[in-house]
Amino acid sequence: MKASENQLVNALDAASPAIRLYVLHGPDESGAAEHAARLGRALGTDAEKVAIDGSALKGDPGRVTDEARSLALFGGRRWILVSGVGDDALEAARLLIAEPQVEHPVVMLAPGLRTTSKLTQFAVAEPAAMSFACYVPDGANAERMVAGIAREHGLRPTQNAARRLMSASNGDRAVIAREVEKLALYLDAAADRPRELDEDALDALGAELGDAQMSDVIDAALEGRVRDIARALGRFADSGGAAIPLLRQTVRKLMALAAMRGEVESGKSAAAVVKARHVHFREVAGTVRQVERWKSAEIAAAIDRLRRAERAQMASGGAGEILSDVAITETTRAAARAR
């Protein structure tokens with residue numbers, strides 16, 4: 001079925017046995033991943049998560065079904081997260097739905113697929129599947145999203161606080177959720193003891209998402225400052241920064257650059273394109289340099305590199321945050337070569 005966000009959230013929070021497959025598609029990978037995490041939380045802290053890279057299904061479409069009907073290692077609940085899928089996962093989805101007995105739910109993250117793709121249309125047509133399109137919210141929708149996340153943790157954000165959280169996170173739902181969790185702890189808030197979240201609380205906790213350390217890493221990487229990147233990554237790690245939000249924020253910046261670069265390659269000047277985007281005045285000069293430096297094909301390659309690093313890091317048995325550092329460093333070198 002094609003689900004509304006309320007239908008999706010209700011099904012995930014209930015870990016509804018009626019739904020064995022969730023297909024989350026569209027450009028907001030962070031939002032899709034956060035929705036998937038809801039299912040894990042609903043199943044409980046002891047639930048086993050099985051992470052599969054979508055590329056593994058090309059030669060083994062039955063793997064998802066095998067995992068979904070297998071017993072968990074310690075006999076409890078489990079759920080299967082398949083990242084980076086495309087229409088080539090259609091056969092895996094068909095086998096899963098056709099299987100008579102399925103014990104555990106499956107979430108497929110398909111950032112490159114549209115509503116008209118074969119996999120999403122299959123999920124729409126199946127009663128035991130849900131398809132939901134994930135887009136980065138903006139305007140009033142963005143503020144409602146922040147307020148909704150905050151309410152789940154017992155917080156009632158003022159309008160200014162919601163806008164500030166949204167702006168500082170660049171719409172990254174996962175980053176907002178992590179910051180809201182910290183704010184709820186700070187304010188001793190919960191569903192049964194709601195608290196107001198205002199800008200004073202943000203200031204007190206220093207909740208400036210996308211902080212200076214993260215911005216330094218992204219700027220150094222996208223401007224090709226090879227000599228600076230190791231130091232910037234070190235400061236970011238020392239500040240307690242997490243790799244996955246850094247990878248996602250870098251991808252978001254590259255996606256914005258891709259849109260602007262497309263206009264430049266159609267004949268417009270970089271300065272005019274950046275000015276039309278209402279970039280913060282402190283970031284104008286750096287953004288112009290980045291738009292001039294990066295070509296569309298190089299941006300696409302960098303986005304693919306960073307997304308693969310995120311999927312590898314989320315997979316079980318991964319190499320940890322070193323994967324993020326390697327991907328960011330390779331991106332920096334690519335920018336340096338583009339001088």
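A residue counts as buried when its relative accessible area is under 20%. That cut-off sorts two residues of this predicted model.

Thr-250 sits in helix α12, which spans residues 243-265. Its relative accessibility is 1%, so Thr-250 is buried. Glu-34 belongs to helix α2. Glu-34 has a relative accessibility of 8%, so this residue is buried too.

| Residue | Relative accessibility | Class |
|---|---|---|
| Thr-250 | 1% | buried |
| Glu-34 | 8% | buried |

**Their contacts**

Residues up to four places away in sequence are left out here. Thr-250 then touches Ile-218, Leu-222, Leu-306 and Ile-328. Glu-34 touches Arg-41, Arg-173, Ala-174, Ala-177 and Arg-178.

**The cavity**

How many cavities of 30 Å³ or more does the structure hold? It holds one. The largest cavity has a volume of about 120 Å³. Its lining is made up of 15 residues. Nearest the centre lie Glu-29, Ser-83, Leu-109, Pro-111 and Glu-310.

Which elements give two or more residues to this lining? They are strands β1 (21-25) and β4 (106-110), with helices α2 (29-43) and α15 (296-314). Helix α2 is also where Glu-34 lies.

By class, the lining of the largest cavity has seven nonpolar residues.

Notes:
Residues are numbered from 1 along each chain as its sequence is written. This is a predicted model: local features need pLDDT of at least 70, side-chain atom pairs count only at pLDDT 80 or more; totals for chains, interfaces and linings use all residues. Side-chain values use heavy atoms; hydrogens and water are left out. On a 1 Å grid over the protein atoms alone, a cavity is a set of points where a 1.4 Å probe fits but cannot get out, and a pocket is an open set with protein on both sides within 12 Å along at least five of seven lines; lining residues have an atom within 4 Å of a point. Grid points are joined across faces, edges and corners, and a volume is the space filled by probe spheres set on the points. Helices (H or I, at least four residues) and strands (E, at least two) are DSSP runs, numbered from the N terminus. Ala, Val, Leu, Ile, Met, Phe, Trp, Tyr, Cys and Pro count as nonpolar, Asp, Glu, Lys and Arg as charged, and the others, Gly among them, as polar. Buried means under 20% relative accessible area, exposed over 50%, partly exposed in between (1.4 Å probe, protein chains only). Contact means heavy atoms within 4.5 Å.
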